[in-house]
Amino acid sequence: MYEYDADNVKLRLPRSSDGFAVFELIGLCPPLDVNSTYCNLLQCTHFSRTSVVAELRGNIVGFISGYVVPDRPDCLFVWQVAVDKQARGVGLALRMLKSILARTRNSQIQTLETTITATNRASWALFERLAQELKAPFSKSDFFDSEKHFAGNHESELLMQIGPFNAHLEV
């Protein structure tokens, strides 16, 4: 247990040693789908340039995984956003997203995409806020259908697209 202290949260690139802690954090963040530990290890290594860890006094309190879409090198796809219960509601997720986009190595990114279920109000609010801060248009469209893609075992996922944008971000 820890007390949240925004001034002492450090944002950094994930590393392989974070994989299991990320796995545990995601497990504490419903409705996020829990991936395998191996998947989280790959996110923390292969996709570290487009992911971020938020660390507070040695504890991982936030994680965002993303990747550059293979056929569109200017598009970042955000896979998951996980924030520890004690660190929610203070803008940490937005700060983490902006930190990924502000990295010099990600300067080619002009659009961002993610999928969100219709009932995940917190995620809609987060990404709409990001679009506002980027002064960029956003749109929503059907992407993965509950019946067609999940055999009725998961809500439909809507695709949110933000951009194009060309903004200097303050983190």
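Strand S2, which spans residues 52–56, is mostly covered in this predicted model, with five of its five residues buried (under 20% relative accessible area, with over 50% counting as exposed and values in between as partly exposed, for a 1.4 Å probe and protein chains only; strands are DSSP E runs of at least two residues, helices H or I runs of at least four, numbered from the N terminus). In a regular strand, the side chains alternate between the two faces of the sheet. Val-52, Ala-54 and Leu-56 point one way from S2, whereas Val-53 and Glu-55 point the other way, and all are buried.

S2 pairs in the antiparallel sense with strand S1 (residues 9–12) over four bridges, where pairing requires that DSSP finds at least two bridges between two strands. Leu-56 in S2 is the bridge partner of Val-9. An antiparallel pairing over five bridges also joins S2 to strand S3 (residues 59–68), and here Glu-55 stands opposite Ile-60. S2 and S3 form a hairpin with two residues between them, and Arg-57 in the turn has a positive phi of about 45 degrees.

A search of the whole structure finds zero disulfides, a disulfide being a pair of cysteine sulfur atoms within 2.5 Å. For Cys-44, the nearest cysteine sulfur, that of Cys-39, is 9.5 Å away; Cys-44 counts as buried because its relative accessibility is 1%. The sulfur of Cys-75 is too far for a bond, because the closest cysteine sulfur, in Cys-39, is 19 Å from it. Cys-75 likewise counts as buried, at 0% relative accessibility.

Residues are numbered from 1 along each chain as its sequence is written, and side-chain values use heavy atoms, with hydrogens and water left out. As the model is predicted, local features need pLDDT of at least 70 and side-chain atom pairs count only at pLDDT 80 or more, whereas totals for chains, interfaces and linings use all residues.
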